[in-house]
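Hi,

Here is the structure we talked about. Have a look, then read my notes below.

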Amino acid sequence: MRLAPVAAAIVLSVAACAPSSPSTPAQSQDKVTLSVWGWGPEENYDKMFAAYEKLNPGVDVDARSFTTATEYDTILSTGLAGDSGPDLAWLRAGANLQPLVEAGRLLPLETSDVPGLKDYDEGVLRSAKGDKDGKVYGVPFAVQTLQVIYNKKIFADHGITPPRTWDDMIAAAEKLKANKIVPFAFGGKDDWMLPIVASIFGTATWGGDTFLDDVKAKRKTFTDPAFVEGIDQLNKLKPYFPDDVAGVSYTDAQILFSSGKAAMFPGGLWELNFFAENAKGVELGVFTPPAPKGGQGMMPGFTDGSYGISAKTRHKAEALKFAAWLASKDYGQLFTDTLSIFSAVPGVKPTDPLLEEVSTTFDKQGATYFMNEFAYGNPSSQTVFSKSLQEMLLGRITAEQAAEQLDKSVATWL
Amino acid sequence: MALSTTRRGSSYLFLIPAFVLYSLFVVYPLFTGLTYSVFSWKGTLRDTFVGFANYAGLLTESFRDQLLPALGHNFLLFAGTMLVQNTLGLAFALALSRVRRGKRALQTMFALPYLVNPLVIGYLWTLLLSPTFGPVNSLLRGVGLEGLAMPWLGDPATALPTVIVITTWQWVGFPMLLFSAALGGIPQEYAEAARTDGATSWQVFRRITLPLLRPAMATITILSFIGSMNTFALVYALGGSNGAPAGATDVLGLLFYRAAFASGDVNALGTSSALAVFMFTFIFGSTLLLERVLRRRT
Amino acid sequence: MRTLWIKLLLWGYAVFSMAPLVVMVLSSFRPTSEIFDEPIGLPTGSAFDNYAKAWTEASFSTYVVNSVIVVVSAVLLGAVVSLLAAYPLGRRRFGGRGLLTAYFISGMTLPAHLGVLPLFYLLESMGLVDSLLGLILVYAAGSIPFNVFVLTAFFRQLPYELDEAASLDGAGPLATFWHVMLPLVRPAIATVIVFQFVPLWNDFFYPLVLMRDESKLTLPVGLTHFFGEFQNDWGTLFAGLVMTTIPLVVLFVLATRQIVAGLTAGMNR
């Protein structure tokens with residue numbers, strides 16, 4: 001009982017030596033500072049936002065970058081819950097956005113405030129919506145595509161061209177393997193890569209968005225033979241992956257490709273930036289694996305994230321105006337030129353020739369990356385399926401069993 | 001009477017600073033965290049009281065399928081730590097007690113890995129053991145042990161034992177230092193007296209040294225148990241948040257991390273708090289039990 | 001002959017113990033492209049480029065200063081309050097002693113990340129988010145369970161005649177603690193300091209969540225920035241890793257004698 005006053009005294013004295021103003025940096029009366037949180041290199045954002053500051057002299061945009069790791073989600077959810085959070089923030093796409101939406105931490109965006117939103121592709125915008133209320137909570141900024149990146153020189157040296165048919169691709173892989181070159185640099189140890197690679201080789205087999213819609217409408221399940229066959233492509237390609245593929249890490253796979261020991265790298269578009277910087281001598285090309293049963297393949301893609309506005313922002317009008325700019329073509333072009341990633345803003349054409357090639361393919365053969373649409377539940381279906389695919393690559397379970405495990409996990413929340 | 005009262009009062013005075021600091025910044029947040037387990041959550045917003053629903057969630061098939069293997073792996077880690085790390089620590093302490101020159105240098109070298117950030121350690125060892133580039137495997141092939149060159153961290157059969165070896169590498173200095181210290185505290189006369197009575201060195205060790213090391217062993221066992229049950233950073237750095245390969249290195253700490261921070265579940269706080277209550281009850285209960293058993297014998 | 005075998009075993013393990021760290025140091029002196037081509041190898045020409053880059057681009061100097069302030073204050077504060085608490089818990093009889101000991105030690109068995117959200121709210125209500133003081137208090141409080149566990153055991157094992165002699169001399173509890181007990185447990189203090197210093201020096205979770213201002217981040221957060229920003233640049237990464245580890249190595253080498261002495265004094269009586 002007697003401890004209570006002592007405790008209170010200590011608390012007070014502790015509070016007294018705390019800095020009086022928690023976190024807002026000193027600012028002049030007339031200038032509004034918008035703080036923006038995100039992941040990825042900070043300099044790039046300072047550069048892009050400087051363009052906005054020039055157009056709007058009364059606004060100072062302060063970009064703050066955290067790590068790409070899972071910690072960002074914790075930092076953001078605590079930040080938005082308290083009083084020291086940002087005005088705007090990068091939001092994850094799809095499932096990971098929902099906790100913030102449901103907690104009421106974000107401002108719903110109307111097309112009257114952010115006119116650019118109405119031009120967005122529905123598939124892109126969906127990733128920034130609340131699942132329950134269907135409202136838009138963010139301005140999507142990037143689209144990532146999944147495909148095979150290849151080393152043009154190795155292809156030329158072995159008289160190989162980007163494959164037109166699945167059999168072409170297998171024949172090319174055989175040829176490379178016979179010449180002691182790893183055909184596909186792929187590491188199965190970091191299991192987040194597994195659904196990505198499965199979708200690169202399998203999406204055409206299970207039929208892209210039509211199949212996903214059927215699963216969502218419960219007309220089909222993941223145990224469907226088409227899906228099983230799709231993920232079974234990984235088993236069929238196993239001879240062309242590195243030895244002990246389940247023990248090869250993601251970075252090992254990157255090094256295999258960048259050092260010229262492997263000819264192809266199935267992965268996301270973001271790898272182009274990595275290889276451009278770390279495989280300077282390697283000339284890069286991209287292709288989408290053809291469908292095993294003939295015909296064109298499909299290029300899966302997903303929206304990477306979006307800019308949302310905190311419900312607690314003290315500068316609502318300025319934040320909305322900034323969001324409107326973020327949804328404009330001006331920003332989209334700046335984004336794609338600065339970062340060499342696709343902008344999610346509709347109608348923006350990348351200047352980089354390789355990106356433009358991918359963009360054209362994606363317009364014709366694009367599909368939705370299946371895993372992001374089914375990443376719900378606790379344990380998350382993504383976790384469950386990544387592990388199942390790893391077990392499949394290790395030869396411990398079959399493709400049917402892996403599909404069954406995904407189906408069972410999805411059934412817990414769908 | 002008067003004396004004992006003031007003494008008693010002053011005992012509490014000594015305890016106040018630690019009590020306040022610890023209650024405010026450790027117990028209060030953790031306890032509040034535990035009460036989260038009886039509510040459903042919308043992100044960081046508390047929703048409604050749900051009683052034991054979150055606990056029931058832990059028992060659903062999909063969760064149980066991860067919980068039980070993870071718990072099993074924690075126990076295997078504890079067993080491995082006791083068998084490999086602590087036995088080795090004792091052996092080194094005994095061996096070092098016979099070495100004069102270079103003793104300090106050896107002790108320092110054995111303990112140095114403890115200083116390195118666990119994330120860095122995971123990173124380093126992944127590199128060393130990589131089946132494609134790792135020097136460990138090329139070394140094994142080089143000396144003709146082709147059969148031993150394998151994806152140590154990529155094969156479910158070898159992954160957990162490898163984690164135990166790396167844990168040992170990192171932590172062996174700890175039991176070594178504790179045992180060294182305990183050995184230093186045993187008066188030399190005991191062993192000498194026994195030896196003059198004709199005891200072999202094994203008998204001296206078995207009958208004199210070992211019993212006197214019991215308090216040290218109890219301390220090390222308890223700390224190893226807590227350490228093995230709460231392990232997180234190293235396994236996270238070696239096998240990622242899912243305990244790769246195929247969940248072979250999954251442990252309770254990773255399961256909690258996934259449930260709390262990596263699931264994207266709207267009710268993640270409710271589910272993860274229930275899991276934490278389970279973990280706390282289990283680990284704290286077992287520790288008390290262990291402490292009872294171990295301390296009674298000494 | 002037998003001692004030769006023992007020496008061989010010990011030095012053999014020392015090689016095993018040091019080899020990965022040597023790889024880390026060697027790699028920090030090599031250009032990234034070379035590490036990619038040949039993961040293990042000797043340094044070449046441009047030896048200090050990585051260090052220069054890590055030091056300037058990652059504002060290491062700020063991080064180092066913050067880390068030193070936070071960790072040193074937290075470790076000292078944690079050690080002082082734990083010493084005060086461990087003394088009665090280990091040596092004196094009073095109501096609720098067993099319960100209080102269990103109360104303190106139970107903190108060791110909880111997953112620490114569980115309390116992060118309530119802790120965040122608590123610190124925010126005190127205006128301590130984004131303040132080094134907040135981090136110091138959290139760290140100091142977090143070190144109490146382990147400190148109390150170890151120090152209580154030390155106090156318990158000191159001979160009981162000491163207290164009696166002191167009280168016969170008319171010394172009060174504070175005087176006994178200060179003049180009689182403290183000198184005896186001094187080596188034990190070195191032990192808890194080192195064993196708390198290392199995990200706090202390496203912790204990145206709390207500063208990530210509790211700190212906002214770039215100028216208030218600590219070294220491990222700088223490291224995670226590193227992992228994010230330089231994941232392609234292993235040479236620089238390794239240089240950063242070596243730089244964060246060196247202060248600990250210095251501390252440890254300096255303190256080994258004290259630790260061993262401390263453990264000897266406390267473990268067995």
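Chain A splits into domain 1 (28-142 + 303-356) and domain 2 (144-302 + 359-411); the bounds come from an automatic or database domain assignment. This is a predicted model: local features need pLDDT of at least 70, side-chain atom pairs count only at pLDDT 80 or more, and totals for chains, interfaces and linings use all residues. Residues are numbered from 1 along each chain as its sequence is written, while chains are lettered from A and ligands numbered from 1 in the order in which they are written.

The C-alpha centres of domain 1 and domain 2 of chain A are 30 Å apart. Their contact takes 14 residues from domain 1 of chain A and 15 residues from domain 2 of chain A. Two residues are in contact if their C-beta atoms, placed from the backbone, lie within 7 Å.

On the domain 1 side, strand 8 (299-309) and helix 15 (353-365) of chain A each give two or more residues. Helix 15 of chain A gives the most, with three residues. Helices (H or I, at least four residues) and strands (E, at least two) are DSSP runs, numbered from the N terminus.

Now chains B and C. Their contact takes 66 residues from chain C and 70 residues from chain B. Several helices of chain C each supply at least two residues to that side, including helix 1 (2-28), helix 4 (60-91) and helix 12 (234-267).

In chain B, the end C-alpha atoms of residues 71-290 lie 17 Å apart. That span is 73% helix and 0% strand.

Best wishes
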